[in-house]
Amino acid sequence: MAEFTMELNDDQKQVRDWIHGFAADVIRPAAAEWDEREETPWPVIQEAAKVGIYSLDFYAQQFFDPTGLGIPMAMEELFWGDAGIALSIVGTGLAAIGVVANGTEEQIGTWIPQMYGTPDDVKVAAFCSSEPDAGSDVGAMRTRAVYDQAKDEWVLNGTKTWATNGGIANVHIVVAVVDPDLGTKGHASFIVPPGTPGLTQGQKFKKHGIRASHTAEVVLEDVRVPGSCLLGGKEKLDERLARAHERARSGGSGERVKNAAMATFEASRPAVGAMAVGTARAAYEVALDYAKTRTQFGRPIIDNQGVAFQLADMRTQIDAARLLVWRASWMAVAGRPFTSAEGSMSKLFASEVAKKVTAQAVQILGGNGFTREYPVERMHRDSAIYTIFEGTSEIQRLVIARTISDMPIR
Ligand SMILES: Cc1cc2nc3c(=O)[nH]c(=O)nc-3n(C[C@H](O)[C@H](O)[C@H](O)COP(=O)(O)OP(=O)(O)OC[C@H]3O[C@@H](n4cnc5c(N)ncnc54)[C@H](O)[C@@H]3O)c2cc1C
C-alpha cells in the first residue's frame with residue numbers, strides 16, 4: 001500500500017492536466033449558459049463521454065489509484081471548471097458506485113452500461129435516498145418495498161426528493177424500507193430499470209446554485225421491479241436482516257454494522273470535500289487575478305494589505321482543505337481506521353472554506369463580483385451546496401464529536 005504523499009507521480013500529473021484541459025476548454029466556457037438555462041447540459045456530458053471522462057472506466061481508474069489521490073484530484077479539476085456541470089457529469093458515478101459496492105457481478109454488468117449509455121446516446125443515473133421528512137434523519141425514511149413472492153417482484157411505494165438526475169435518469173437506485181422494525185438496518189437498495197411503470201418525476205427544483213444539475217422529486221406508485229433488482233440479492237438481504245433481528249433480540253448494539261456504515265461514509269465524504277476545494281480554488285484564482293489588475297487610488301488593489309491578506313488567507317485555507325481531503329482519501333485506500341472521523345472532518349472543513357472563500361472573492365471583485373458578468377457570483381451560489389448535501393456541516397460535526405468523545409452527543 002502506498003505511503004501518504006503530496007507529490008503526484010507522472011501518470012497522475014498527466015491525468016490531472018488532461019482533466020484540467022477539459023474543464024478549462026469545455027466546461028468553463030459553457031458554465032454561465034447552463035447556469036442560466038437551469039437544464040442538464042447534455043452536449044457537455046456527451047463531450048465528456050467522447051473523451052472518456054464520462055464513463056465507469058474513468059471512475060474505476062481513479063478509484064483504484066493506490067495513493068487514494070485519483071478521485072480527489074479528478075473532482076477538484078472538474079469542479080474547478082464549474083460545479084453545476086461537473087455534478088451533471090459525476091452524478092451518475094455516485095449512483096454507479098452504489099451498484100459496484102453492493103451489487104452482484106451480474107447486476108454490475110447489466111446495469112452500469114445502461115446508467116452511462118454510449119457517447120452517441122448518453123444516459124444518466126440517479127441515487128434516491130432523501131425524502132421530504134427524511135433528510136439528515138435517514139431513519140425516518142417511509143418509502144416501502146414489499147416482496148411479492150408469487151411473482152418474485154418487489155413493489156415500491158413512496159416519494160423521494162432532491163434526487164440529482166431524479167426522473168431524467170435511465171436507471172434509478174432507490175433506497176427503501178424492507179423491515180420497519182429494524183430502523184436503518186431494515187433498508188435495502190433497488191435498481192429501477194428504464195421505463196418502469198409507476199416511477200414519475202415530481203417537482204423539479206429551481207435552485208440557488210449548481211443550477212445546471214437537475215434536482216427533482218421522484219414519485220413511486222406501485223413500482224414493480226423483478227427480484228433480480230434488489231442490490232446484492234435476496235439471500236444476502238435475508239441473512240443481513242436475520243443477523244440484525246438476532247442482535248436486536250440479544251440486546252446487541254450492532255456496533256460492527258454501524259462501524260461498516262460509518263467507514264463507507266468516511267471514505268466517500270472526502271470526494272465532496274474535493275469538489276468544494278475545486279470551487280474555492282476557482283474563485284480564489286479569479287480574485288487574485290482581478291486584485292492584481294484592478295486599479296484604485298492609482299495602484300492595484302492588491303497593493304493594500306486589506307486585500308492581499310484576504311488572498312493570503314484564502315490560499316492558506318484552500319491548501320489546508322486539500323490536505324485534509326487528501327489525508328482522508330489516502331486513509332480510505334490504505335484501510336486506516338477513521339478514529340477521529342477524518343473523512344467527515346475533510347468534508348466539513350473544505351465545504352465551509354468554499355463558502356467563505358467564494359464570498360471573499362465576491363468582495364474583492366466589488367460591484368463586478370456581484371454581477372453575472374464575472375464567474376465568482378455563480379461560484380458563491382454554487383458553494384452553498386457543499387455544506388448541505390452528503391451530510392450537512394452540523395451532521396459532520398455530530399459525527400466528529402461522537403467519534404472523538406465516544407459519547408452519544410445529540
Ligand atoms: C442540490 C441537492 C442535491 C441533492 N442530491 C441528492 C441525491 O442525489 N440523492 C439523495 O438521496 N439526496 C440528495 N440531496 C439531499 C441532501 O442529502 C439533503 O438535503 C441533506 O441530507 C439534508 O437534509 P434536509 O435537506 O432534509 O435537511 P434537514 O435534515 O431538515 O436539516 C435542516 C437543518 O437542521 C440541521 N440539523 C438536522 N438534524 C440535526 C441535528 N441532529 N443536530 C444539529 N443540526 C441538525 C441540519 O444540519 C440543517 O442545517 C440533495 C440535496 C440538494 C439540495
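Start at the ligand. Select the 19 residues around it; S129, G135, S136, T392 and E394 come nearest. Here a residue counts as near if its C-beta atom, placed from the backbone, lies within 6 Å of the molecule. Next, colour β3 (125–128), β5 (153–164) and α13 (393–405), the elements that each give two or more residues to this shell. Helices (H or I, at least four residues) and strands (E, at least two) are DSSP runs, numbered from the N terminus.

You are looking at a predicted model, in which local features need pLDDT of at least 70, side-chain atom pairs count only at pLDDT 80 or more, and totals for chains, interfaces and linings use all residues. Residues are numbered from 1 along each chain as its sequence is written.

Now colour the shell by class. It has 10 nonpolar, seven polar and two charged residues. Ala, Val, Leu, Ile, Met, Phe, Trp, Tyr, Cys and Pro count as nonpolar, Asp, Glu, Lys and Arg as charged, and the others, Gly among them, as polar.

Zoom out to the domains. The protein chain splits into domain 1 (10–122), domain 2 (125–251) and domain 3 (256–405), with bounds from an automatic or database domain assignment. Domain 2 and domain 3 each give at least three residues to the ligand shell.

Turn to domain 1 and domain 2. Their C-alpha centres are 24 Å apart. Their contact takes 25 residues from domain 1 and 21 residues from domain 2. Contact means C-beta atoms, placed from the backbone, within 7 Å. On the domain 1 side, select α1 (10–37), α5 (83–102) and α6 (105–116); each supplies at least two residues. The largest share, 13 residues, comes from α5. By class, this side of domain 1 has 11 nonpolar, 12 polar and two charged residues.

Go to helix α2 (residues 42–51). Which residues of α2 are buried? They are V44, I45, E47, A48 and A49. Buried means 20 or more other C-beta atoms within 10 Å of the residue's own, with C-beta atoms placed from the backbone. The buried residues of α2 pack against α1, α5 and β2 (121–122). Just after α2, stop at G52, which takes a positive phi of about 100°.

Select residues 10–115, listed by UniProt as "domain: Acyl-CoA dehydrogenase/oxidase N-terminal". This span is 84% helix and 0% strand, with its end C-alpha atoms 32 Å apart. Then select residues 126–223, where UniProt places "domain: Acyl-CoA oxidase/dehydrogenase middle". That span is 0% helix and 49% strand, and its end C-alpha atoms lie 16 Å apart. Such annotations may be inferred rather than shown by experiment.

Methods: Contact = placed C-beta atoms within 7 Å. Buried ≥ 20, exposed ≤ 12 C-beta atoms within 10 Å, placed from the backbone.
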